[in-house]
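Hi everyone, thanks for coming. Have a look at it first.

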Amino acid sequence: MTLRLLSADPSAVVLDAIQTAMGDVPAGYDMPPGGRKLFLTLSAGAQPTAATQRWTLTISAYSHTESGIMAHADAQALWRKAVLAVIEHRYDEPLCDAAIQSGPMENHDAKLGVDYVYGALMLTIACA
């Protein structure tokens with residue numbers, strides 16, 4: 001039988017890096033309030049080595065007016081700033097690496113009735 005190790009949870013390190021870089025723009029794994037915000041999702045994936053596991057981090061950047069019109073340049077700037085924050089901290093334990101997988105792309109949030117910018121990072125996480 002092969003022993004399958006699972007990585008440590010990177011959610012706190014990722015959120016801290018992003019929130020520190022974003023200042024007063026809220027970020028979270030639950031949808032934050034406000035017109036300018038970052039919604040994050042983390043999904044565990046394959047274990048390419050015995051010592052690491054891949055995770056996908058999706059960053060959704062919202063920047064819209066009260067009328068629901070997206071500020072495209074600002075949403076893209078928020079997304080890029082969050083991505084750079086994670087990449088700058090890509091060696092903070094338990095992270096081993098981070099790279100852009102896709103994005104930024106524009107999409108529509110049917111529940112909120114607004115457009116947003118999103119993309120994904122591939123994280124490599126050390127096994128616990």
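Let's start with some rings: Y62, Y116 and Y118 form one aromatic cluster. Before I go on, a word on where this comes from: it's a predicted model, so local features need pLDDT of at least 70 and side-chain atom pairs count only at pLDDT 80 or more, while totals for chains, interfaces and linings use all residues. Residues are numbered from 1 along each chain as its sequence is written, and side-chain values use heavy atoms, with hydrogens and water left out.

Okay, back to the rings. How many aromatic pairs does a search of the whole structure find? Two. To count as a pair, rings of Phe, Tyr and Trp (for Trp, its six-membered ring) need centres within 6.5 Å; planes under 30 degrees apart are called stacked, over 60 edge-to-face, and the rest tilted. Y62 and Y116 make a stacked pair, with 4.9 Å centre to centre and 15° between the planes. Y62 sits in strand 3 and Y116 in strand 5, so this pair ties together parts that are 54 residues apart in sequence. The tilted pair is Y116 with Y118, at 5.9 Å centre to centre and 45° between the planes.

Y62 and Y116 are both buried; Y116 counts as buried because its relative accessibility is 11%. Y118, with a relative accessible area of 24%, is partly exposed.

When I say helix or strand, I mean DSSP runs numbered from the N terminus: helices are H or I with at least four residues, strands are E with at least two. Strand 3 is mostly covered, with nine of its 12 residues buried.

What about the helix side? Helix 2 covers residues 72-88, which is 17 residues. The expected span of a helix is 1.5 Å times one less than its number of residues. That should give 24 Å for helix 2, and its end C-alpha atoms are 24 Å apart, so the two agree. Among the buried residues of helix 2 are W79, A82, V83 and V86. What covers the buried residues of helix 2? The cover includes helix 1 (11-22), strand 2, strand 3, strand 4 and strand 5.

That brings us to the core. A nonpolar core is a set of buried Ala, Val, Leu, Ile, Met, Phe, Trp, Tyr and Cys residues joined through side-chain atoms within 4.5 Å. The largest one here has 25 residues, and I18, L38, L57, I59, V86 and L123 touch the most other members. Helix 1, strand 2, strand 3, helix 2, strand 4 and strand 5 each supply at least two residues. Which element gives the largest share? Helix 2, with seven residues.

Let's zoom in on I59. Contact means heavy atoms within 4.5 Å. Not counting residues up to four places away in sequence, I59 touches a whole list, including I18, L38, W79, A82, V83 and Y118.

Next, A27, which lies in strand 1 (residues 27-28). A27 counts as buried because its relative accessibility is 13%. Leaving out residues up to four places away in sequence, A27 touches L15, I18, Q19, P32 and L38.

Last stop, D109, in strand 4 (residues 95-109). D109 is at 13% relative accessibility, so it counts as buried. Leaving aside neighbours within four places in sequence, D109 is in contact with M31, Y62, V114 and Y116, so we're back at the stacked pair of Y62 and Y116.

Conventions: Buried < 20%, exposed > 50% of the residue type's maximum accessible area, 1.4 Å probe, protein only.
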